[in-house]
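Please read through the structure below with its strands, ring pairs, core and salt bridges in mind. The paragraphs that follow take these topics in turn.

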Amino acid sequence: MTLEGTLEVAVSTDERGERTVAFAFTVTNAGSDPLELQFPDAANAEFVVQDEGRELWRFTEGRAFAQVLESERLSAGESTTYEGEWDDPVPGTYTAVAALRSREHDCEARTEFDVPE
């Protein structure tokens, strides 16, 4: 059972000049059998921003998520995407890490990105 992940990052600025970093973590079932992903709560993915290996921001930090067991079925070759946002980021060059929070299956992706001055 093989999961493959990709992480896309988009930095945007609104009309007030406030920046937001949007994360899109796509998980694909690269195996030939269907997979059942089970999650302990409504946060299906974790997003972490690192600055030279030091954690700067974590998506789930200080947030409450519904405490319900959730599941999602991925057929062979099927993908699903999980999203997160970092509001008011500090300018710099960072590493974003996304991780699936499934109980039975691990999947992680990372990418470098810049938040301009």
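Are Tyr 94 and Phe 113 buried or exposed? Both Tyr 94 and Phe 113 are buried, where buried means under 20% relative accessible area, exposed means over 50%, and partly exposed is in between (1.4 Å probe, protein chains only). The model is a predicted one, in which local features need pLDDT of at least 70 and side-chain atom pairs count only at pLDDT 80 or more, while totals for chains, interfaces and linings use all residues. Residues are numbered from 1 along each chain as its sequence is written, and side-chain values use heavy atoms, with hydrogens and water left out.

The strands come first. Strands (E, at least two residues) and helices (H or I, at least four) are DSSP runs numbered from the N terminus, and two strands pair if DSSP finds at least two bridges between them.

Another open sheet has three strands, in the order S1-S2-S7, and its pairing is antiparallel. Its edge strands are S1 (3-13) and S7 (79-87), each of which pairs on one side only. Neighbouring strands in this sheet are turned by 15 degrees against each other on average, direction ignored. Eleven bridges pair S1 with strand S2 (residues 19-29) in the antiparallel sense. Thr 13 stands opposite Arg 19 in S2.

The aromatic residues are next. The structure holds nine aromatic pairs, a pair being two rings of Phe, Tyr or Trp (its six-membered ring) with centres within 6.5 Å; planes under 30 degrees apart count as stacked, over 60 as edge-to-face and the rest as tilted. Among them is the edge-to-face pair of Phe 39 and Tyr 82, with 6.1 Å centre to centre and 70 degrees between the planes. This pair links distant parts of the chain, with Phe 39 in strand S3 and Tyr 82 in strand S7, 43 residues apart. Phe 39 and Tyr 82 are both buried. Tyr 94 and Phe 113 form a tilted pair, at 5.7 Å centre to centre and 45 degrees between the planes. Tyr 94 belongs to strand S8 and Phe 113 to strand S9, so the pair ties together parts that are 19 residues apart in sequence. Ring pairs also link Tyr 94 and Phe 113 with Phe 23, Phe 47, Trp 57, Phe 59 and Trp 86 into a cluster.

What has the most contacts inside the largest nonpolar core? A nonpolar core is a set of buried Ala, Val, Leu, Ile, Met, Phe, Trp, Tyr and Cys residues joined through side-chain atoms within 4.5 Å. The largest one has 25 residues, and those with the most contacts inside it are Phe 23, Phe 25, Phe 47, Leu 100 and Phe 113. The elements that contribute two or more residues to this core are S1, S2, S3, S4, S7, S8 and S9. Leaving aside neighbours within four places in sequence, Leu 100 is in contact (heavy atoms within 4.5 Å) with residues including Leu 3, Phe 25, Phe 39, Tyr 82 and Cys 107.

The charged side chains remain. A search of the whole structure finds seven salt bridges, each a side-chain nitrogen of Lys or Arg within 4 Å of a carboxyl oxygen of Asp or Glu. One of them joins Asp 41 and Arg 101 (3.0 Å, N to O). This pair links distant parts of the chain, 60 residues apart: Asp 41 is in the loop between strand S3 (35-39) and strand S4 (45-51), and Arg 101 is in the loop between strand S8 (92-100) and strand S9 (108-115). Asp 41 is buried at a relative accessible area of 9%, whereas Arg 101 is partly exposed at 27%. Asp 51 and Arg 54 form another salt bridge, with the closest N and O atoms 3.3 Å apart.

Conventions: Axes fitted to C-alpha atoms, helices over the stretch in contact; angles between N-to-C directions.
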